[in-house]
Amino acid sequence: MNREQLAVRVLELVTEIAPDVDPASVIPGIDFRDQFDFDSMDTLNFAIALHRELGVEVPETEYSRLASLDKCVAYLAEHVS
């Protein structure tokens, strides 16, 4: 899976967790919590969704690496085979 495909999938998962988010309005370099109401419970659910969909287990200590689209794609690119 390339970075573009990862970005599309991440945006799909974000909108599953926060259905009011318009994927086209997400700014890749800005943290989700700064763009829309994405709290710690949303982050947990997002990490669970990433594990379910992509097989990537994200330890709680690395949740900060999922904070924005750019950070999340970079993290996943390191861990998705």
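Mentor: In this predicted model, two rings of Phe, Tyr or Trp are treated as a pair if their centres lie within 6.5 Å, and planes over 60 degrees apart make the pair edge-to-face. By this rule the count comes to five aromatic pairs.

Trainee: Why is the pair of F36 and F38 called edge-to-face?

Mentor: The ring centres of F36 and F38 are 5.8 Å apart, which is within the 6.5 Å limit, and their planes stand at 90°, which is over 60, so the pair is edge-to-face. Both of these residues are buried.

Trainee: How do you know which class the pair of F38 and F46 belongs to?

Mentor: Their centres are 6.0 Å apart and the angle between their planes is 80°, so the pair passes the 6.5 Å limit and, with planes over 60 degrees apart, is edge-to-face. F38 and F46 are both buried as well.

Trainee: Which residues do the ring pairs link into a cluster?

Mentor: The cluster consists of F32, F36, F38 and F46, linked through ring pairs.

Trainee: Why is E4 called exposed?

Mentor: E4, in helix α1, has a relative accessibility of 63%, and since exposed means over 50%, E4 counts as exposed. E4 and V73 are 69 residues apart in sequence, yet their C-alpha atoms are 8.5 Å apart in space.

Trainee: Where is D31 found, and is D31 buried or exposed?

Mentor: D31 is in the loop between α1 (3–17) and α2 (32–35). Its relative accessible area is 12%, which is under 20%, so D31 is buried. Not counting residues up to four places away in sequence, D31 touches A67, S68 and K71.

Trainee: Turning to the whole chain, what makes it as compact as a globular protein of its length?

Mentor: The elements run α-α-α-α from the N terminus on, with four helices and zero strands. The radius of gyration is 11 Å, close to the 12 Å that the globule rule gives for 81 residues, so the protein chain is as compact as a globular protein of that length. Along its principal axes, the C-alpha trace spans about 30 × 25 × 20 Å.

Trainee: What share of the residues is buried, and how much of the contact count comes from residues 24 or more positions apart?

Mentor: Buried residues make up 41% of the 81 residues, while residues 24 or more positions apart account for 51% of the contacts with a separation of 6 or more.

Trainee: How many side chains of each charge does the protein chain have?

Mentor: There are 6 positive and 16 negative side chains, and the centres of the two sets lie 5 Å apart. The accessible surface comes to about 4,800 Å², of which 50% belongs to carbon and sulfur atoms.

Technical notes
Residues numbered from 1 in each chain as written. Predicted model: local features only at pLDDT ≥ 70, side-chain atom pairs only at ≥ 80, totals over all residues. Heavy atoms only, no water. Helix = DSSP H or I, 4+ residues; strand = E, 2+ residues; numbered from the N terminus. Rg over C-alpha atoms; globule rule 2.2 N^0.38 Å. Buried < 20%, exposed > 50% of the residue type's maximum accessible area, 1.4 Å probe, protein only. Contact = heavy atoms within 4.5 Å. Areas by Shrake-Rupley, 256 points an atom, 1.4 Å probe, with all protein chains shown as cover. Lys, Arg positive; Asp, Glu negative; His and termini not counted. Charge placed at Lys NZ, Arg CZ, Asp CG, Glu CD. Phe/Tyr/Trp six-rings, centres within 6.5 Å; stacked < 30°, edge-to-face > 60°.
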